[in-house]
Amino acid sequence: MNLKFFRKKCVIDKIKSVFDKEDNFLILTHKNADVDAVGSALALKYYLEEKNKKVRIGCESLNKQAKIILDNLKERIDYYHYTDEFRNIIILDTSSIKKLGIFEKATKKAENVVVIDHHEKNVRMEKYLYYNENLSSNSEIIYKFFPSNNGNYLKAILAGIIADTGHFKYADVHTFETVLDILKKGIDLQEVLSMLKEDMNRSKKIAVLKAFKRMKIYPIDDMIIATTRIGAYEAIVAKSLLEMGADIAFVASKDRISSRAKNTVIERGINLAEIMQKLENGDGGGHKAAAGAEGLEDIEKALKTCVILVRKRLDKNGSGD
């Protein structure tokens, strides 16, 4: 048996043991929770409830699409910090404890803290019962190890997969195998897709146009890095910059940066999660092609550092000029 596979299996076995022994759980995910975070949290909630466990879900805030998923599944998530203590906490789709916001303190009092995450590995999380697998969505991990045939469970998983793969643009063969398995169980793909449909409203359009106006361009070899600042919608702006021709985009707000990169950039050794983790005084993480950092004290300096780190990596790999 492969040693890496054996270690991961041991972690999953330990997590399942906690799930079997304990009766009350608080599931947490990151601030501004997206569809994958909410989908995997709901799915795990359904799984545990089938085992007669008591489960609550909490997060500081949700994005618009996540709220739509909750409405469609007739579910709710608590936005406030609990005054009572939870013995067992499960953290999903979260690469850093600080990203829990007001719920961060709850982890310090818990006896069992389980972390299930699909972002680039964060060694600071290894003090918990930490399972990390770099799949295209966190929902895939839940489906892989904690399955259920509950209809809402399957819809939540499918929604998470669709959203985090960019409607399958970043899916791999394993993702499609999972989706096919879900569809064979009677879930309507079009129904779930309709939940995720979101038109760009006026405020988002204005944010993108303002970001373009403030954009700085850094040509490096045959690549283009674009940086800009905006008050909100950093991720949307970053995606828009890629669509307009940038190879890497770093978009900053007051104290945080969102970054995106094309696959051709990742193939040349760039890891955005690694770059976000190196920013001074910040708390960063994510994926190779999509990552972010927050708590940054000097945002202009942080943007310049991002460009410098990309250049250094390309120089090291013999790809920069």
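**Accessibility, salt bridges and strand pairing**

Me: How does Glu300 count by its relative accessibility?

Reply: Buried means under 20% relative accessible area, exposed over 50%, and partly exposed in between (1.4 Å probe, protein chains only). Glu300, at 30%, counts as partly exposed. This is a predicted model, in which local features need pLDDT of at least 70 and side-chain atom pairs count only at pLDDT 80 or more, while totals for chains, interfaces and linings use all residues. Residues are numbered from 1 along each chain as its sequence is written, and side-chain values use heavy atoms, leaving out hydrogens and water.

Me: With which residue does Glu300 meet in a salt bridge?

Reply: Side chains of opposite charge can pair when their charged atoms come close. The criterion for a salt bridge is a side-chain nitrogen of Lys or Arg within 4 Å of a carboxyl oxygen of Asp or Glu. Glu300 meets Arg229 in this way, at 3.3 Å from N to O. Arg229 belongs to strand 7 and Glu300 to helix 13, so the pair ties together parts that are 71 residues apart in sequence. Helices (H or I, at least four residues) and strands (E, at least two) are DSSP runs, numbered from the N terminus.

Me: In which sense do strand 8 and strand 9 pair?

Reply: Two strands pair if DSSP finds at least two bridges between them. Strands 8 and 9 pair in the antiparallel sense over 5 bridges, and they form a hairpin with 3 residues between them. Ala252 stands opposite Ile257, and Ile257 also stands opposite Ala293 in strand 11.
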